[in-house]
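Notebook open, structure loaded. I want to look up a loop residue, the nonpolar packing and the aromatic rings.

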Amino acid sequence: MQKKILILSLSAGSGHVRAAESIREEAQNSYPDTTIEHHDLIEFVRSPLRLIYRDFYVFVTKNAPLVWGYLYKTSNSPVVRETLHATSHIQTLLAANLSRFIDTFKPDAIICTHFVCAEVATSILKKKGIGIPVSIVITDYQIHHLWITEGVMSYFVATNAMKKDLIAAGIPAGHIIVSGIPVSPYIVATERSPHLYKQFKLDSSRPIVLVLSGGFGLQDISSIIEELLISKLPLQICAVAGSNASLKEKLNSLSIPVHINLHVHDFIHTIHELYALADIVISKAGGLTVTECMARGIPLIITEPLPG
């Protein structure tokens, strides 16, 4: 019988979604006879949870990053974790569409790249009395207590230190796999080529700086671009504004010296192609971005990391 795998992510930051998509790509390549579907939990939840899960994250990280840092630190405790478990039945009710999808799709395994996905999925399965194994892929380089979820069978972590932290928190060693953070196979496989230079209107003889603002464009990278424009070097700057239309407009309004080229992009699904061309990347310290740059071997300058 053909196996089915359901991968769940949450678009509170683009990294969780990219990690899930990377798992889907690699799993589909390795197991072509397996049916694999990746869904954003936002697709299944009602407005109250959508507001909490995604819109609240976007608003706070953009407008009050120190508040986000405070919430991150104060929620990193077993007490808060247990409080979240106690409200899981409410989340299950608000995510009734996911429950129906699980009934229809009938996955043999569920893989989650965000703790909320695991919380909701395990609650649904517990209520139904279904024994589908649920795994969590942690997309950070340190353990936060909210990742620890009752009913999860396996934890995939980036480092041995994270495994030790999970063991200290009470997770059996046999349930923890040190796998690294998943990145798309295209991150490493994509090569520089005349076609790519032509596609992005770039000159292979001049240095290329890739500046990222995050999937939602939450980081105002205009000040970084302005600093780069002071350079005497014949730079080619590729600035990715994500889904932030006002940031894109702001970048396009900058005065560019004649010896520098600025290319402003929206949210780009083929980021591996820009990685292949970039000589250096400037970005905040997102777990996926850091991992992608390490996998590709690109120098990374980290700026304005979010607290926590």
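Ground rule for elements first: helices (H or I, at least four residues) and strands (E, at least two) are DSSP runs, numbered from the N terminus. I'm working on a predicted model, where local features need pLDDT of at least 70, side-chain atom pairs count only at pLDDT 80 or more, and totals for chains, interfaces and linings use all residues. Residues are numbered from 1 along each chain as its sequence is written, and side-chain values use heavy atoms, with hydrogens and water left out.

**Entry: aromatic rings**

I paired rings of Phe, Tyr and Trp (its six-membered ring) if their centres lie within 6.5 Å; planes under 30 degrees apart count as stacked, over 60 as edge-to-face and the rest as tilted. How many aromatic pairs does this rule give? I get three. For F44 and F101, the ring centres are 5.3 Å apart and the planes sit at 45°, so I log the pair as tilted. This pair links distant parts of the chain: F44 is in the loop between β2 (35-40) and α2 (47-63), while F101 is in helix α6, 57 residues apart. F101 and F105 have ring centres 5.5 Å apart and planes at 15°, so that pair is stacked. They are about one helical turn apart, because four residues separate them in helix α6.

Next I checked burial, where buried means under 20% relative accessible area, exposed over 50% and partly exposed in between (1.4 Å probe, protein chains only). F44 and F101 are both buried, and F105 is buried too. I note F44, F101 and F105 as one aromatic cluster.

**Entry: nonpolar cores**

My core is a set of buried Ala, Val, Leu, Ile, Met, Phe, Trp, Tyr and Cys residues joined through side-chain atoms within 4.5 Å. The largest one has 42 residues, and L8, L98, I110, I138 and L166 touch the most other members. Elements giving it two or more residues are β1 (4-9), α6 (96-105), β3 (109-112), α7 (115-128), β4, β5 and α8 (160-168). The largest share is eight residues, from α7. Another core, of 20 residues, lies apart from it, with F200, L212, C238 and L277 among them.

Skipping neighbours within four places in sequence, L8 has a list including H39, F44, L98, I110 and C117.

**Entry: V152**

Where does V152 lie? I find V152 in the loop between β4 (134-137) and β5 (154-157). Is V152 buried or exposed? At 10% relative accessibility, V152 counts as buried. Leaving out residues up to four places away in sequence, V152 touches A118, T122, V134, S135, I136 and H175. I also noted a C-alpha separation of 9.9 Å between V152 and I132, which are 20 residues apart along the chain.

Definitions and conventions: Contact means heavy atoms within 4.5 Å.
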